[in-house]
Amino acid sequence: MSGGKTPILTGARLETVFCELVKELRAFILSHDVSYDEYHQALGFLAEVGAAGELPLLLDVFLETMVDEVNNGRKPGTASCLEGPFYVPAAPLIRRPYALPQRENEPGEILLFSGAVRSADGRPLAGAMLDLWQADATGAYSQFNYPEPRYNLRGRLQTNEEGRFHVRTVVPAGYEIPKAGPTGKLLAALGRHAFRPAHLHVKVSHEGFGQLTTQLYIAGDPWIDSDVVGAVKPSLVTRLTRHDSPADLEAHGLKRPYFALDYDFSLAPLAA
Ligand code: MBD
Ligand code: FE
């Protein structure tokens, strides 16, 4: 993104953040004997990352866990996790019968995601907002990996009077950082795989509470112990249960087997 619409830090904080960063980088160059060749490679790499539109991806992959830790690490309630580079605000508000927007023949297994939202001290929160986004069953995000429908597998919904929600979606696949881009090429050069385990993104909010941004993972996922971003937390790893009995299918009006995921969120009070 360019055009200078991002506000810039000013005053003492700018001085701290920028000058300290430069100081650390200068010390790094000295202590590692960085050559001109390496310096020019770094410049070329960053230019390529920018041109490929991968600055958010690169920074989120290598640095966002620390920003999340600093800002959310000490809060009570459900553990936070990265927003990542693929959130889009203002996804459609969805209503009964709750389902995330899907293409006509959306690939993948049906996932029925349900749960509750509570305060950290256990009170159910009616009217809490869940803002959900996820990759599809091939690991692709709408607007970033495919253009249309723009809000595919993205939607917002509210909890009911008991603070509960349910929504039909599809089981996501793991996300692989594109091999052709500079971030993917860097990971390959490092000898690392480029996968994140399959995950559901969610922002949960309610008046009077801090907004929770987190992700849910799936036990047994092949990449659960080697997330390229290193963002998986044990309390966010969930179990999917497969349902194929006629009674279960009938109860949900479904014609094929589905997976169910139940997860309860708890929100920290607003920071003082
Ligand atoms: C993703 O899908 C993601 O969620 C994060 C945090 C980083 C890269 C890709
Ligand atoms: Fe993601």
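Aspartate 33 counts as exposed because its relative accessibility is 67%, where exposed means over 50% relative accessible area, buried under 20% and partly exposed in between, with a 1.4 Å probe and protein chains only. This residue sits in the loop between α1 (11-31) and α2, and its phi is near 50 degrees, a positive value in a residue other than glycine. Helices (H or I, at least four residues) and strands (E, at least two) are DSSP runs, numbered from the N terminus.

The model is predicted, and local features need pLDDT of at least 70, side-chain atom pairs count only at pLDDT 80 or more, and totals for chains, interfaces and linings use all residues. Residues are numbered from 1 along each chain as its sequence is written, chains are lettered from A and ligands numbered from 1 in the order in which they are written, and side-chain values use heavy atoms, with hydrogens and water left out.

Leucine 153 also has a positive phi in a residue other than glycine, near 55 degrees. Its place is in the loop between β2 and β3, and leucine 153 is buried, with a relative accessible area of 0%. The loop between β2 (129-134) and β3 (154-158) also holds proline 149. The two cis peptide bonds listed below each end at a proline, and proline 97 lies in the loop between α4 (64-72) and β1 (110-119).

| Cis peptide bond | Omega |
|---|---|
| Arginine 96 to proline 97 | about -10 degrees |
| Glutamate 148 to proline 149 | near -10 degrees |

The loop between α4 and β1 is also the place of leucine 82, a residue that is buried, with a relative accessible area of 4%. The C-alpha atoms of leucine 82 and serine 266 are separated by 17 Å, although these residues are 184 apart along the chain.

Tyrosine 141 lies in the loop between β2 and β3 and histidine 199 in strand β7 (residues 199-205), so the pair ties together parts that are 58 residues apart in sequence. Tyrosine 141 and histidine 199 are both buried.

Helix α2 (residues 36-51) has 16 residues, which at 1.5 Å a residue should span 22 Å, and its end C-alpha atoms are 22 Å apart, in agreement; the expected span is 1.5 Å times one less than the number of residues. After α2 comes glycine 53, whose phi is positive, near 70 degrees.

On the surface, Leu55, Leu59, Phe62, Leu63 and Leu190 form a nonpolar patch with about 440 Å² of accessible area together. Leucine 59 is in helix α3 (residues 55-62) and counts as partly exposed at 42% relative accessibility.

A search of the whole structure finds zero disulfides, a disulfide being a pair of cysteine sulfur atoms within 2.5 Å. Cysteine 19 counts as partly exposed at 41% relative accessibility, whereas cysteine 81 is buried, with a relative accessible area of 3%.

Methods. Patches are made of residues with over 30% relative accessible area and no salt bridge: like charges are joined within 9 Å, nonpolar side chains (Val, Leu, Ile, Met, Phe, Trp, Tyr) within 5 Å. Accessible areas come from the Shrake-Rupley method with a 1.4 Å probe; for residues, only the protein chains shown count as cover. A salt bridge is a side-chain nitrogen of Lys or Arg within 4 Å of a carboxyl oxygen of Asp or Glu.
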